Amino acid sequence: SYVELRLQPSEDKYYMIQLVNDPRGKTSFEQVTVDTTNPNEPSNWRETRVTTTNEFRFSFQFAKRFGPLTGRFGIMESTGGIGLDLHLLDDRFELRNDVFGFGEQLAPRWRVTMGYEFVRKLWLLGGVDDIFSSDRRDYFVGLQLRFIDNDLKTVLPFAPGP
């Protein structure tokens, strides 16, 4: 699950900020050289330690739109990442591709998400996460609410008017 805020200074570019709660947690790898004086073991060896912690991740990406395509780059779930989105049907259908998580696993994470706005402001989402990894691959379905600042002005009485 995630919360996303888009700051959009013009029609063709925006900054995306996300706070992400990934049930897999954040995994880090560390290689350690172990030295020992135990005569039953080798004098030294390398050990790989894998640590998974349950902490929030964040994203901060810059996006630029070129016709029906939007390119994104920056930090994706606390790692470097890039994305490419395709917008169709008067921007009511989106196909999003994200590649990120370089260094967390042998292959980076690749997530494909399809979204359709079936009711005004309400989107149906579905997709596949971690496509490259057969043991960590995940399928998802969800709903998303999208608001723009004019929508929020009617809900929030303290928002500045025009």
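**Entry 1: the lining of the largest pocket**

I looked up which elements line the largest pocket, and I found that S1 (2-10), S2 (13-20), S5 (57-66), S11 (138-145) and helix H1 (149-155) each supply at least two residues. I am reading a predicted model here. Strand S1 gives the largest share of this lining, seven residues.

Next I asked how many residues line the largest pocket. I got 31, and I noted Arg 6, Gln 8, Arg 146, Phe 147 and Ile 148 as the ones nearest the centre. Sorting the lining by class gave me 17 charged, 10 nonpolar and four polar residues. For the space in this pocket I wrote down about 1,100 Å³.

**Entry 2: the second largest pocket**

I moved on to the second largest pocket, which holds about 580 Å³ of space. I found 24 residues in its lining, with Ser 1, Tyr 2, Glu 77, Arg 111 and Phe 140 closest to the centre.

Which strand gives the most to this lining? I found that S11 does, with six residues. S2, S8 (93-100), S9 (109-119) and S10 (122-129) join S11 in supplying at least two residues each. My tally by class was 10 charged, eight nonpolar and six polar residues.

**Entry 3: a nonpolar patch**

S1, S2 and S5 each supply at least two residues of the patch.

A reminder to myself: most residues other than glycine have a negative phi. With that in mind, I looked at two residues.

Lys 121 has a phi near 80°, a positive value in a residue other than glycine. I found Lys 121 in the loop between S9 and S10. Lys 121 has a relative accessible area of 19%, so I marked this residue as buried, since buried means under 20%.

Asp 130 also went into my notes, with a positive phi near 60°. Where does Asp 130 lie? I traced Asp 130 to the loop between S10 and S11. Asp 130 counts as buried because its relative accessibility is 1%.

Methods:
Residues numbered from 1 in each chain as written. Predicted model: local features only at pLDDT ≥ 70, side-chain atom pairs only at ≥ 80, totals over all residues. Heavy atoms only, no water. 1 Å grid on protein atoms, 1.4 Å probe; cavity = no way out; pocket = protein on both sides within 12 Å on 5 of 7 lines; lining within 4 Å. Points joined across faces, edges and corners; volume = space filled by probe spheres on them. Helix = DSSP H or I, 4+ residues; strand = E, 2+ residues; numbered from the N terminus. Nonpolar A, V, L, I, M, F, W, Y, C, P; charged D, E, K, R; others polar. Buried < 20%, exposed > 50% of the residue type's maximum accessible area, 1.4 Å probe, protein only.
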